[in-house]
Amino acid sequence: MKTQVATIRQMTVKSVVTRFAPSPTGALHIGVRTALFNWAYARQHQGQFIVRLEDTDQARSSIESARRIIAELRWLEVDWDQGPRCVENWRDALAKDFDPMADQVGNCGPYCQSQRLQIYEQYLDQLLTSGHAYHDDGAIRFRMDQDVKFDDTVYGHIEVKAKELEDFVIRKADGFPTYHLAVVVDDALMAVTHVIRGQEHLTNTTKHVALQDALGFDRPTFVHTPSVLNADGSKMSKRDKAKVARKALKEHCPEEEELMAWAITESAIVPQELLAFYRKKNDSADIAQILAHPQWLDLMLPEIDVADFRHSGYLSQTLVNYMVLLGWNPGGDIERFDREFLIERFSLDRINKSNAKFDRKKLLAFNQESIAGLEHDDFKDRLRVFKDQELSDDLREQFGSIFSDDQRLTLFAQAYHRRASTLKDPFELGSFLTVDGPPLEYDQKAVEKVLNHKKGQGYGVLEEIHKVLKEVGDDQWNAEELESLLKNVSDDLQLSMRFVAQPLRVAISGSTVSPPIGITLEIVGREIALRCIEVCQHLQPG
RNA sequence: GACCCCGUCGUCUAGCCUGGUCUAGGACAUCAGGUUUUCAUCCUGAAAACACGGGUUCAAAUCCCGUCGGGGUCGCCA
């Protein structure tokens with residue numbers, strides 16, 4: 001009996017099919033949030049999740065961009081059932097021999113619209129014949145002469161009067177369908193049941209519904225999600241990088257003449273393009289990226305693309321967690337969770353209506369918490385991977401010696417585990433550990449405060465420390481032992497520990513900030529530590 | 001401008017549908033203390049919101065209307 005009911009259900013209830021349909025015209029940015037929603041929903045219902053490339057814009061679509069999008073989805077550990085092959089490792093998607101437009105899986109393909117032109121023709125004919133569409137100046141337009149009503153799961157009932165609607169192009173003069181026609185046809189042919197997408201499509205949905213009705217397609221369930229905005233309320237987009245870069249550029253070259261002179265001497269960007277960028281003629285993220293390079297303006301560009309966050313040392317798990325929280329939450333004060341929880345608890349009726357601002361500080365706090373929660377070994381492994389895959393050549397080189405010595409690496413990871421908000425932090429905070437000698441420079445304020453202060457008391461302490469450390473054998477040179485020896489020094493001198501640790505810290509790191517002094521000494525090593533102290537003594541005035 | 005949508009602490013939000021339990025809860029950020037050899041962590045505490053105005057009701061953050069504010073669409077971009 002039970003099986004019978006199950007069978008009937010299977011026959012009558014359509015299984016869930018969702019899709020993420022990016023256009024391969026750039027990097028994958030915050031828009032992935034809807035991919036996450038679609039993915040989670042399909043997984044929750046044991047349905048199908050499709051990735052489809054909407055490359056109807058011939059001028060802007062590119063295979064590189066498609067590869068990058070797929071790579072980032074995989075980095076986020078999103079997988080799919082139909083579409084370009086779901087590569088095992090995100091880096092595989094970047095391989096030059098991977099062609100997302102050709103290497104595809106599924107029975108409803110092809111999964112990129114440039115290869116579905118004949119399919120659209122068929123429906124175009126149907127609309128022309130039935131009088132729903134007409135030729136107009138080389139293009140084909142769809143007639144919008146009916147009131148449109150539809151229901152959205154998040155925004156409720158939407159109704160627009162025919163007089164507010166205008167006929168719209170469904171086939172461009174170049175023979176390609178527009179997005180509107182392609183989405184409708186593809187969603188129908190791919191049996192998509194739930195269309196979860198950004199709110200910017202809410203008004204467009206009137207067009208889609210009209211097309212579906214004219215074509216005799218079933219309407220999918222529409223689920224529009226609120227937008228994600230910047231802190232200033234503007235829509236979060238790739239333009240933001242250009243904004244930051246342009247601002248810096250204008251400060252660097254207030255006049256266009258200077259700009260041109262500068263551009264010619266630096267010459268990494270075509271001067272004309274740079275000028276266009278300067279004049280706000282374009283918002284090229286690529287130009288912004290070049291300008292941000294240390295050789296040029298050395299800027300910190302805001303993270304916008306998924307790749308940017310990966311590059312900055314965010315954990316993909318954390319990014320997923322945070323992004324999904326923008327517009328959805330599981331209720332009950334829960335806000336930290338993993339992918340499994342998301343799949344289990346995601347629900348359409350808890351998606352919010354109002355737009356959300358992207359709060360980088362909160363993301364950072366989440367990331368720090370995630371990192372702190374990692375097992376030591378896991379953190380160490382991730383640092384290694386991060387170093388190999390994300391660091392610049394210079395930095396990778398710089399940290400080479402620490403990473404080639406597993407024992408030192410363990411200490412390094414241990415020293416920075418609770419001090420890291422991102423996987424990149426240890427490489428910035430700990431750069432003094434890589435100089436293999438005395439600090440390249442000393443923070444003057446630090447020198448004043450902890451060494452010169454009180455008639456150079458700090459130098460005296462350093463002398464004591466040097467005496468003690470000189471006697472320590474290499475076999476005893478470990479954090480615990482060193483801490484206790486320093487404690488003895490502080491007792492002997494009747495000074496609190498800070499008056500002992502701080503001068504030493506300045507001698508070793510050049511600043512007042514470092515991991516606990518014991519582990520810092522251990523990582524630096526006996527020989528170099530002693531040399532740091534000796535060199536530092538020479539800073540004493542007079 | 002027209003049309004569509006939205007409006008709870010600075011930010012993300014819980015609560016709203018099914019009015020009373022909300023002197024509105026949590027998180028991030030902020031501020032003040034405490035722990036600590038610096039930094040970070042950690043602990044304690046504080047300040048901080050129902051956009052405004054009208055209704056409906058014994059009772060409104062919750063229902064209705066208006067105003068204002070924000071976002072979106074109005075492309076042979078998606």
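The residues lining the surface near RNA strand B split into 18 nonpolar, 21 polar and 19 charged. Keep in mind that this is a predicted model. In total, 58 residues surround RNA strand B, and the closest of them are Glu54, Thr56, Ser354, Met497 and Ala501.

Which elements give two or more residues to that surface? Here they are, with their residue ranges:

| Element | Residues |
|---|---|
| strand S8 | 156-160 |
| strand S13 | 356-357 |
| helix H14 | 360-372 |
| helix H22 | 497-509 |
| helix H23 | 517-524 |

Helix H22 is the top contributor here, giving four residues to the surface near RNA strand B.

Now for strand S8, one of the elements in that table. How many of its five residues are buried? The count is zero, so to speak a strand that is hardly covered. Strand S8 has a partner in strand S7, residues 148-152, and the two pair in the antiparallel sense over five bridges. Within that pairing, Lys149 sits opposite Glu159 of S8. The two strands make up a hairpin, with three residues between S7 and S8.

There's also a sheet to look at. Three strands build an open, antiparallel sheet, and going across it you meet them in the order S5-S6-S9. Why is one side of S5 and of S9 left without a neighbour in the sheet? Strand S5 (133-136) and strand S9 (168-171) stand at the edges and each has a single partner strand, so one side of each has no neighbour there. On average, and ignoring direction, neighbouring strands of this sheet are turned by 45 degrees against each other.

Zooming in on one pair, S5 and strand S6 (residues 139-142) run antiparallel and are joined by four bridges. Asp136 is found opposite Ala139 in S6. A helix goes with this sheet too: H4, covering residues 117-129, lies across S5, S6 and S9. Its direction is about 100 degrees to S5.

Finally, the domains. The assignment for chain A lists domain 1 (116-225), domain 2 (239-292) and domain 3 (444-537). Taken over C-alpha atoms, the centres of domain 1 and domain 2 are separated by 40 Å.

Key: Residues are numbered from 1 along each chain as its sequence is written. Chains are lettered from A and ligands numbered from 1 in the order in which they are written. This is a predicted model: local features need pLDDT of at least 70, side-chain atom pairs count only at pLDDT 80 or more; totals for chains, interfaces and linings use all residues. Two strands pair if DSSP finds at least two bridges between them. Axes are lines fitted to C-alpha atoms, for helices over the stretch in contact, and angles run from 0 to 180 degrees between N-to-C directions. Two residues are in contact if their C-beta atoms, placed from the backbone, lie within 7 Å. A residue is near a molecule or strand if its C-beta atom, placed from the backbone, lies within 6 Å of it. Ala, Val, Leu, Ile, Met, Phe, Trp, Tyr, Cys and Pro count as nonpolar, Asp, Glu, Lys and Arg as charged, and the others, Gly among them, as polar. Domain bounds come from an automatic or database domain assignment. A residue is buried if 20 or more other C-beta atoms lie within 10 Å of its own, exposed if 12 or fewer, and partly exposed in between; C-beta atoms are placed from the backbone.
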